[in-house]
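Here is a short briefing on one protein chain. Keep the model open while you read.

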Amino acid sequence: MEVDTVVDANQPKVRKYSNLRKLLETTGPFCHPEFQAGSETLEFLQETCKILVIGAGGLGCELLKDLALMGFRDIHVIDMDTIELSNLNRQFLFRKKDIGHSKAECAAEFINNRVAGCKVTPHFCKIQDKDEAFYRKFHIVVSGLDSIVARRWINGMLISLLEFDEDGNLDQSTLIPFIDGGTEGFKGNARVILPGVTACIDCTLDLFPPQVTYPLCTIANTPRLPEHCVEYVKVIQWEKENPFGISLDGDDPQHVSWVYEKAQERADSFNITGLSYRLVQGVLKNIIPAVASTNAVIAATCATEVFKIATSCYQSLQNYMVFNDLDGIYTYTYEAERKEDCLACSQVPKKVEVKDPATMTLQDLIDFLCDSAEFQMKSPGITAVIEGKNKTLYMSSVASIAERTKANLTMSLAELKLLDGQELTVADITTPNPINIKLKYVTK
């Protein structure tokens with residue numbers, strides 16, 4: 001990107017954003033059918049368009065840099081993490097003096113000082129801390145998250161903002177495009193999601209890699225690796241002691257510190273070395289080491305898609321790009337298809353087949369919602385209307401309710417008076433709003 005410079009006193013000043021002007025003020029054979037060349041597009045980009053970047057880590061730093069140099073001036077970034085020493089090798093907006101400080105705030109300060117005219121507004125918090133009014137302000141949302149749960153949450157939030165008329169037609173003015181990027185070592189992907197129109201995150205849940213698991217007998221009796229110690233605390237010790245009275249959250253520093261302390265005690269008792277706070281985070285959140293070059297490629301792809309959607313100068317990606325530079329460079333694109341019964345973006349309750357309601361317990365149902373590739377929930381809370389009354393069957397996120405309703409876990413669906421075709425309302429950390437499922441009893 002060209003910036004204002006003076007090569008010679010007798011030569012004219014180089015025009016800032018001249019490359020962007022060439023793209024936006026002229027037409028070409030690959031332009032979007034609705035594209036209209038002119039200076040107004042660049043003015044919209046700089047003066048009106050509001051972009052939200054979720055995450056200020058490896059991808060987030062690249063995204064902020066790319067978007068700022070592309071001419072976007074009103075950018076917000078949200079991230080709940082603080083900077084660690086290990087971040088500095090690839091998260092280039094940070095310096096050693098920034099360790100311990102907010103990633104969002106330090107990244108915003110760096111861009112604001114370096115790119116004239118650009119204003120990055122930081123939000124040092126979880127994405128779940130913001131409400132619908134906050135997200136409704138943006139024209140485009142682009143993310144560089146390392147969490148499937150967070151991806152599903154923001155996906156659900158943008159879907160919840162959609163409005164439809166009486167005939168079920170989508171009000172296009174309520175649609176906020178969602179650009180999602182992800183990396184796993186030398187592999188990465190970028191996708192364009194138009195909520196309510198194209199495939200969303202939940203439509204393609206089976207694309208996410210399965211989580212690494214360890215045999216229970218190993219972590220309980222013969223641990224050999226530091227990961228085994230972390231898993232023991234996560235699976236067994238947390239449930240027994242429940243130190244904070246809620247489900248374990250790998251993004252909560254207090255939770256991670258508690259697990260680290262207990263895992264270190266167990267590691268010491270079995271003479272296991274190599275445990276670290278970062279490793280604990282990695283096990284709890286299934287983090288794979290990042291590669292700077294992969295981050296750069298995926299972020300550049302995402303930023304390009306943001307630019308194309310904001311300006312309509314070219315057709316956007318349709319709609320999923322895969323990148324792999326593990327052995328050479330290999331990339332391809334394909335169109336992910338929308339699921340008619342998607343948990344997040346469909347208009348009908350998801351059906352759950354039950355073979356025998358007399359033997360299937362509420363705990364069995366909860367386990368299914370957590371283990372099934374179609375649901376992949378974390379700690380679902382379930383309510384239902386039974387005999388005309390709204391009843392909470394179980395909710396683990398609130399200690400008092402969990403204690404009061406835990407007896408229901410061992411009761412069968414028949415004993416709970418849940419009928420064939422019964423609709424259940426399920427709340428989970430993977431979605432900002434409760435979703436509905438419908439029980440379908442399978443007769444032999």
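Which element gives the largest share of the lining of the second largest pocket? The answer is H6, with three residues. This is a predicted model: local features need pLDDT of at least 70, side-chain atom pairs count only at pLDDT 80 or more, and totals for chains, interfaces and linings use all residues. Residues are numbered from 1 along each chain as its sequence is written, and side-chain values use heavy atoms, with hydrogens and water left out.

**Second largest pocket**

- The second largest pocket has a volume of about 490 Å³.
- Its lining has 24 residues, and the closest to the pocket centre are Ile159, Ala344, Cys345, Ser346 and Gln347.
- Two elements, H6 and strand E13 (435-441), each give two or more residues to this lining.
- Helices (H or I, at least four residues) and strands (E, at least two) are DSSP runs, numbered from the N terminus.
- A pocket here is an open set of points on a 1 Å grid over the protein atoms alone, with protein on both sides within 12 Å along at least five of seven lines; lining residues have an atom within 4 Å of a point.
- Grid points are joined across faces, edges and corners, and a volume is the space filled by probe spheres set on the points.
- By class, the pocket lining divides into 13 nonpolar, nine polar and two charged residues.
- Ala, Val, Leu, Ile, Met, Phe, Trp, Tyr, Cys and Pro count as nonpolar, Asp, Glu, Lys and Arg as charged, and the others, Gly among them, as polar.

**Cavity**

- The structure holds one cavity of 30 Å³ or more.
- A cavity is a set of grid points where a 1.4 Å probe fits but cannot get out.
- The volume of the largest cavity is about 70 Å³.
- Its lining consists of Arg152, Gly156, Asp202, Leu343, Ala344, Met377, Thr430, Thr431 and Ile435.
- Four of these lining residues are nonpolar, three polar and two charged.

**Salt bridges**

- The whole structure has 17 salt bridges, each a side-chain nitrogen of Lys or Arg within 4 Å of a carboxyl oxygen of Asp or Glu.
- Asp180 pairs with Arg151, with the closest N and O atoms 3.0 Å apart.
- This pair links distant parts of the chain: Asp180 is in strand E5 (residues 178-184) and Arg151 in helix H6 (residues 148-160), 29 residues apart.
- Asp180 is buried at 2% relative accessible area, and Arg151 is buried at 7%.
- Buried means under 20% relative accessible area, exposed over 50%, and partly exposed in between (1.4 Å probe, protein chains only).
- Glu374 and Lys350 form a salt bridge at 3.2 Å, N to O.
- Glu374 lies in the loop between helix H12 (362-371) and strand E10 (381-386) and Lys350 in strand E9 (residues 350-354), so this bridge ties together parts 24 residues apart in sequence.
- Glu374 is partly exposed at 38%, whereas Lys350 is buried at 4%.
- Lys339, Asp341, Lys350 and Glu374 are linked in a salt-bridge network.
- Asp98 and Lys97 also meet in a salt bridge, at 3.2 Å, N to O.
- Asp98 is buried at 8% relative accessibility, but Lys97 is exposed at 65%.

**Nonpolar cores**

- The largest nonpolar core has 48 residues, and those with the most contacts inside it are Ile51, Val53, Leu64, Leu67, Phe72 and Val142.
- Helix H11 (residues 292-311) gives the largest share of this core, seven residues.
- Another core, of 32 residues, lies apart from it and includes Ile54, Phe138, Ala199 and Ala336.
- A nonpolar core is a set of buried Ala, Val, Leu, Ile, Met, Phe, Trp, Tyr and Cys residues joined through side-chain atoms within 4.5 Å.
- Beyond its neighbours within four places in sequence, Val53 is in contact with residues including Leu63, Leu64, Ile75 and Val142.
- Contact means heavy atoms within 4.5 Å.

- In helix H10 (residues 277-285), Val280, Gln281, Gly282, Val283, Leu284 and Lys285 are buried.
- The buried residues of H10 pack against helix H8 (226-241) and helix H9 (253-269).
- Asn286 follows H10 and has a positive phi, near 55 degrees.
- Ala358 is in the loop between E9 and H12.
- Leaving aside neighbours within four places in sequence, Ala358 is in contact with Ser412 and Ala414.
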